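Work through the following exercises with the coordinates open. Each task is followed by a solution in steps.

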Amino acid sequence: MIAAFAAAGAPSAVGKTVKPSTAGEVIGGAPTDAEIAALLAGPRSLSRTALTTTIADQVSTEGSPANEALISGFATSEAFAAVQVFAHRLNGNWTIGLGDSNTDDTFGTKTPAVQTSPFEQACVLSGQVIARLDNAGVGGDKLENMLARLHAEVLSKRPDRVIFMGGTNNITSSLYSLGAMLATTRKIWDKITGHGIALAIVSVPPITSSDTVMQKTKDWNTLQAAEAAKRGIPYVDIYTPLSNGAGNWAAGMNRDALHFSAEGAMRAGGIIASTLASYWKPQSPVILAGEMGDVGNQLVNPRLADINTDGRPDSWNVLGTSGTIGVIADPSVNGNWVRLTRTTASGTYATSQVLKSGFMPGQTFEIAVKVKLAKSNPLTWTFYLNMSDARSAQTGIWRTAAFWTTDNGGKEMVLYGRVKIPANTTRLELVMHTSAGLGTIDWSQPVVRRIA
């Protein structure tokens, strides 16, 4: 990530251009983990977000005492430029999805249900370039409900970007005209952009209903597209590719009249990710294991080394008998991939690790892992990333899951989420869990890191 940005000619704090070495690294060396850690936990106890803001402000006022103080901590201007790149990654794409059940689709659990939420799929499929800050989808919500909770669930969390998909529950009611819907939507959009937050609009999907409702759905999307164009806001059309052309869902895209199937959500999420790629920064702000800025990772052996050469990552427990496991070295992930090969579609397989001590209830942790399929048949692959409270027995306190029905061509994806540790927790365990698929799945660069 850093090398790619530097290769494009990232300016340093003193007006120089950083040149990549033949190995693609920044000449002069990137700051060490210790230097980054000192910045993150320095005398002002800057959070990563505050660090980013501080550097961004100071870079714009070259020569200021504050800027010079930061620069003096590094041996070269190139090293400081690398910190700028680090700061560039930390902010810019933290995103909240705002909508109804088609955004949330977690049935009240408020944990990422990647399978049937296009917003969650877009985050995963983009490799967290669309970085999941939170999901503000609520089942059954109409537009006025979204407006009412906008400050508490979106604006107060200070996202960089919001993906909005709403209106389905207004469309299905005869009480709401398109004009009234647009008036409420304008208020939502105005409040978001008025706070300096970038906004992207996603069309509502098809609705299987009467001809009147299906026409209203089509008209609502037309109105949204026109309003977005007038404001210069990106608009993502998922309605057309998921429709059969007559207003109904295309085959296999829905599980009922209003909601996506897993395949439909995956297709919609892919469209969202690819459309927004031309608008949003190409770097993900999620810092994975082994990347610059990976400090405070609570996992032992997050790079998945296999020093004892037993074919399994050291310090990780392996559970289950429905497949075989191995490790594959890969410099691009700063360590190894763990590869699970399944020869039967039944049973489960998991790797897990008990976290190091030092956490306390009430603290917030971020959890991430990179995943890819080497191959798969049409049967379902499900990959769970669990955070379990293991006081007496495993009790899930957070879970996200990636869900695939076909081979994704080996594309790397990143699962990410945040969890607040419940009261009375004395031990935590991270569990990578797979089920219900044939073929091969790889994962690497896991992270459990305290952020608050």
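This is a predicted model: local features need pLDDT of at least 70, side-chain atom pairs count only at pLDDT 80 or more; totals for chains, interfaces and linings use all residues.

**Exercise 1.** Determine where Arg449 and Asp294 lie, and whether they are buried or exposed.

Solution. 
- Step 1: A salt bridge joins the two side chains, at 2.7 Å from N to O.
- Step 2: Arg449 belongs to strand β15, while Asp294 sits in the loop between α13 (262-276) and β6 (317-319), so the pair ties together parts that are 155 residues apart in sequence.
- Step 3: Both Arg449 and Asp294 are buried.

**Exercise 2.** Describe how β8 is connected to β15 and to β7.

Solution. 
- Step 1: β8 and strand β15 (residues 439-450) run antiparallel and are joined by five bridges. In β15, Gly439 is the bridge partner of Arg342.
- Step 2: A salt bridge links Arg339 and Asp442, with 2.8 Å between the closest N and O atoms. Arg339 lies in strand β8 and Asp442 in strand β15, so the pair ties together parts that are 103 residues apart in sequence.
- Step 3: Arg339 is partly exposed at 29% relative accessibility, whereas Asp442 is buried at 1%.
- Step 4: β8 (residues 335-342) also runs antiparallel to β7 (residues 323-330), with eight bridges between them. Ile328 stands opposite Trp337 in β8.
- Step 5: β7 and β8 form a hairpin with four residues between them, and Asn334 in the turn has a positive phi of about 55°.

**Exercise 3.** Give the strand order of the open five-stranded sheet and identify its edges.

Solution. 
- Step 1: The order is β2-β1-β3-β4-β5, with parallel pairing.
- Step 2: β2 and β5 (235-236) each have a single partner strand, so one side of each has no neighbour in the sheet.
- Step 3: Within the sheet, β3 and β4 pair over four bridges; Val162 has Leu199 of β4 as its bridge partner.
- Step 4: Helix α6 (residues 118-125) packs on the sheet and touches β1, β2 and β3, its direction making about 180° with that of β2.

Definitions and conventions: Residues are numbered from 1 along each chain as its sequence is written. Side-chain values use heavy atoms; hydrogens and water are left out. Two strands pair if DSSP finds at least two bridges between them. Helices (H or I, at least four residues) and strands (E, at least two) are DSSP runs, numbered from the N terminus. Contact means heavy atoms within 4.5 Å. Axes are lines fitted to C-alpha atoms, for helices over the stretch in contact, and angles run from 0 to 180 degrees between N-to-C directions. A salt bridge is a side-chain nitrogen of Lys or Arg within 4 Å of a carboxyl oxygen of Asp or Glu. Buried means under 20% relative accessible area, exposed over 50%, partly exposed in between (1.4 Å probe, protein chains only).
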